[in-house]
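Thanks for making the time, everyone.

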Amino acid sequence: MQEHKVHYFNEYTPSDYTVVNCSLEFIIEESSTRVENIMEIRRQNPHAKELRLDGEKLDLELIWLDDLLLDNSQFTQTDTSLTVALDADTARIRIINRIYPDENTELEGLYRSGGIWCTQNEPEGFRRITYFIDRPDVMTRFTTKIIASKERCPVLLSNGNLRGTATLDNGKHLVLWEDPIPKPCYLFALVAGDLGSIHDTYTTVSGKNVELAIYCDKGNEDKCHHAMRSLKKSMEWDEYTYGREYDLEVYNIVAVDSFNMGAMENKGLNIFNSHYVLADEDSATDTDFMGIESVIAHEYFHNWTGNRITCRNWFELTLKEGLTVFRDQCFSADMNSLLTQRIDDVRALRERQFVEDAGPTAHPIKPAQYMEINNFYTATVYEKGAEVIRMMHTLLGAERFRAAMDYYFEHFDGQAVGTEEFLESMQSQSPIDLTQFKRWYSQERTPILHVSSSYSEERSELVLKIVQKIPKNTKNQEQLPYALPLSIALLDENGAAFPLCSSDVTMFHGTTLWIEDAVHEITFAGITSKPRLSLNRHFSAPVIIECDELDFPFLMAHDSDGFVRYEAAQQFGIQTLETMMEGGGIDESYIGSYGTALTDTSIDPMYKAQLLELPTVSALMQRQKTIDITSIVTAQESLKRTLAKRYGKEMHDLIESLFDPSNTKIDGISMGKRALKNQLLAMLMSLQDETISRLCYEHYCQALSMSERLAALDLLENYAPDLAVDALDDFYNRYRDQTLVMNKYFSVRASSRREGTLERVKALQNDSAYDHKVPNLVRSLIGSFARNPVAFYDVSGEGFAFVADKVIEIDAINPQIASGLAGAFKNYGRLSIEQKMQMGSELERIKNHPTLSNNVYEIVSKILEAS
């Protein structure tokens with residue numbers, strides 16, 4: 001039974017020793033890899049007498065202290081550490097150990113993905129390569145020599161700059177890499193294999209030439225060009241926006257199929273899940289192209305916000321991740337559309353992070369404790385963390401925020417720091433004391449703002465009352481009011497905004513209130529007619545707004561803030577669907593507002609696609625005290641059919657004008673047209689009309705872009721199963737040898753709302769294209785099923801049992817992926833009595849499994865304890 005140890009932030013102390021320099025030599029052989037590790041140690045705590053090195057699953061062969069070869073009596077070795085007596089200010093430790101990459105199914109440390117040797121060391125994978133002080137506040141200069149078969153591994157890569165190559169006897173060769181910039185060992189990387197590649201160069205703002213390369217499986221080189229373009233855009237944007245220039249001679253990216261995460265920002269050698277590198281119009285959707293641009297940028301931006309300045313400990317993870325997500329969101333907005341990017345960001349936040357914040361695994365963006373740090377690479381740390389940075393950007397404005405970031409880079413470059421140092425940088429430029437704002441780092445759950453107003457025609461005044469409703473935390477403890485920016489407008493009957501004049505509250509940029517108190521009453525003068533309220537414009541704060549006075553049809557038609565128009569459409573849709581779920585009729589004013597947006601030719605296609613989205617199942621589930629999937633789906637489908645019947649001709653005409661299968665461009669207009677066409681076709685398919693189904697099948701056959709082909713395939717699977725048979729066979733046979741595209745195939749099958757999905761998913765596990773050791777495939781088949789509300793929450797309880805089986809099975813291979821699957825049970829406390837009994841027994845079965853990992857135990861125990 002594994003020990004379930006909890007780590008606490010308040011127990012953090014600096015490391016007694018640090019590693020100044022580390023020289024590594026890897027001899028890669030078919031069955032194992034020999035690692036030689038020479039470390040220059042410096043004592044930081046003068047009272048320290050023992051050096052403890054982290055190490056797991058290592059075969060130790062030899063160890064020297066300075067020039068003395070140690071025997072077994074001179075060190076202590078456990079399954080997780082190696083301890084040596086060391087009462088000296090400096091020392092030289094030399095270690096030789098052996099590791100077995102082929103046996104590494106957890107994909108942490110050095111492992112093999114197909115024929116490629118590669119590493120993943122964040123957060124604690126380096127201890128599976130060699131003994132080291134494996135913590136982010138130990139920053140080291142690394143030199144890496146790699147020796148391997150020249151035939152099997154012609155490409156040998158590591159961090160930093162290439163310093164030498166040589167051909168050796170017996171068919172081997174070596175390369176030498178030197179990284180001149182100190183970094184924590186979680187940023188160490190190595191790749192070896194027979195890889196294809198594309199190459200380019202980038203000239204920095206100071207005139208330095210940087211060699212760029214993207215490596216992939218041979219045959220996929222043509223799918224790397226979008227990623228290369230995205231990289232060069234990122235480098236230019238970071239120079240212009242933040243003044244940050246790249247600091248090495250080379251920048252390499254490697255795409256691998258087996259990878260637990262999306263990508264990893266290793267210094268000078270990024271290793272990527274191939275999903276976020278490889279793309280062409282035939283194999284990647286528009287969303288894939290946008291995702292690649294975003295993730296390429298995210299990992300590049302980490303060079304300064306994560307690598308040169310890193311986090312002091314893993315509790316501070318949001319220091320680098322929240323900030324870098326904010327930076328990549330801003331980059332994507334600048335490259336594409338500010339409005340549609342903001343809506344996409346908020347939609348993702350609500351679908352993932354709001355759900356997390358409302359559930360049993362809720363935690364602050366800077367958690368106070370963890371059992372397994374891999375469980376905290378979450379939407380809260382990343383996306384909510386980005387919203388916290390965005391609020392500071394809103395408060396400071398672009399110019400002051402840039403000055404604060406300059407302060408951060410100038411004062412903390414080359415250091416491992418915490419959120420306090422970042423907040424110090426922000427405070428250096430802030431017009432407001434940020435002490436109360438710091439609560440965003442230590443409190444959990446999503447705050448609610450209850451807004452009401454009273455208008456005096458006689459005095460031409462509006463009194464706005466804002467009440468902060470702060471939920472209790474997961475330990476049922478009260479939490480304190482936040483400090484936050486709330487952007488608002490008061491609109492006249494034509495949608496024009498009244499000037500906001502008030503002396504009652506801090507206001508900046510003319511339209512943004514700074515809210516600190518639990519209850520605010522703010523008086524606005526000069527309001528000559530009763531206004532409509534426009535609240536949380538551009539989603540200025542990650543809060544839930546409660547207000548009975550919002551005029552959704554008016555805001556949808558007249559608000560100048562595109563986000564508020566979208567939000568009004570969503571909230572109006574939720575209101576309509578919830579009335580239907582309670583047995584009421586469909587609100588005719590909603591139908592009319594939908595039609596107005598549908599037929600408005602002035603609206604950009606991508607924004608119109610967003611504006612016409614119906615609320616998701618997840619959005620409706622979040623609002624239910626007891627989850628009832630059947631009522632949600634029934635109401636959704638009924639509303640779709642009503643809209644399709646009312647506006648069938650308009651939708652059909654729009655589809656005909658938008659469908660251009662020969663256009664596979666990925667510019668904003670082309671992608672917007674495809675998104676809008678696909679959404680309208682989905683509406684019409686809800687009618688289950690044979691003519692429309694035939695049209696959908698024709699779109700599948702004629703499509704040249706994956707966005708249109710996949711959308712049509714998904715609609716056929718859900719609404720026209722007879723026609724889907726041929727389309728599914730065609731898709732499978734066309735792409736059966738392309739793992740990335742087969743992920744999409746498995747996802748379509750596992751996400752189907754038709755009867756019998758579970759049986760089909762079980763059968764697909766035996767398909768030759770499926771491999772339960774490849775994380776992407778597990779996420780696409782098992783993960784998609786676990787996110788399928790109709791199949792997973794089926795009243796039989798069989799969906800719960802199946803996912804529990806998979807959690808236990810995959811935990812033995814890859815605990816990180818298994819814990820992600822276990823999150824599917826997070827709604828346990830909000831189920832009906834019968835379903836709660838079904839899910840509870842499966843959770844207990846997982847928890848009591850004798851070899852359960854800390855990863856899964858932490859998630860499952862929190863779910864059970866909270867309920």
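This is a predicted model: local features need pLDDT of at least 70, side-chain atom pairs count only at pLDDT 80 or more; totals for chains, interfaces and linings use all residues.

Residues are numbered from 1 along each chain as its sequence is written, and side-chain values use heavy atoms, with hydrogens and water left out.

Most residues other than glycine have a negative phi, and most peptide bonds are trans. The bond from Glu 122 to Pro 123, however, is cis, with omega near 5 degrees, and Pro 123 lies in the loop between strands S11 (116–120) and S12 (140–149); strands here are DSSP runs of E, at least two residues, numbered from the N terminus.

Asn 170, in the loop between S14 (161–167) and S15 (172–183), has a positive phi of about 45 degrees. Phe 539, in the loop between S31 (532–535) and S32 (544–546), also has a positive phi, near 50 degrees.

Are these two residues buried or exposed? Buried means under 20% relative accessible area, exposed over 50%, and partly exposed in between, with a 1.4 Å probe and protein chains only. Asn 170 is exposed at 68%, whereas Phe 539 is buried at 1%.

Now to S27, residues 484–491, where eight of the eight residues are buried, so the strand is largely enclosed by the rest of the structure. Pairing needs at least two DSSP bridges between two strands. S27 pairs antiparallel with S29 (residues 512–515) over four bridges, and four bridges also join S27 to S31, again antiparallel.
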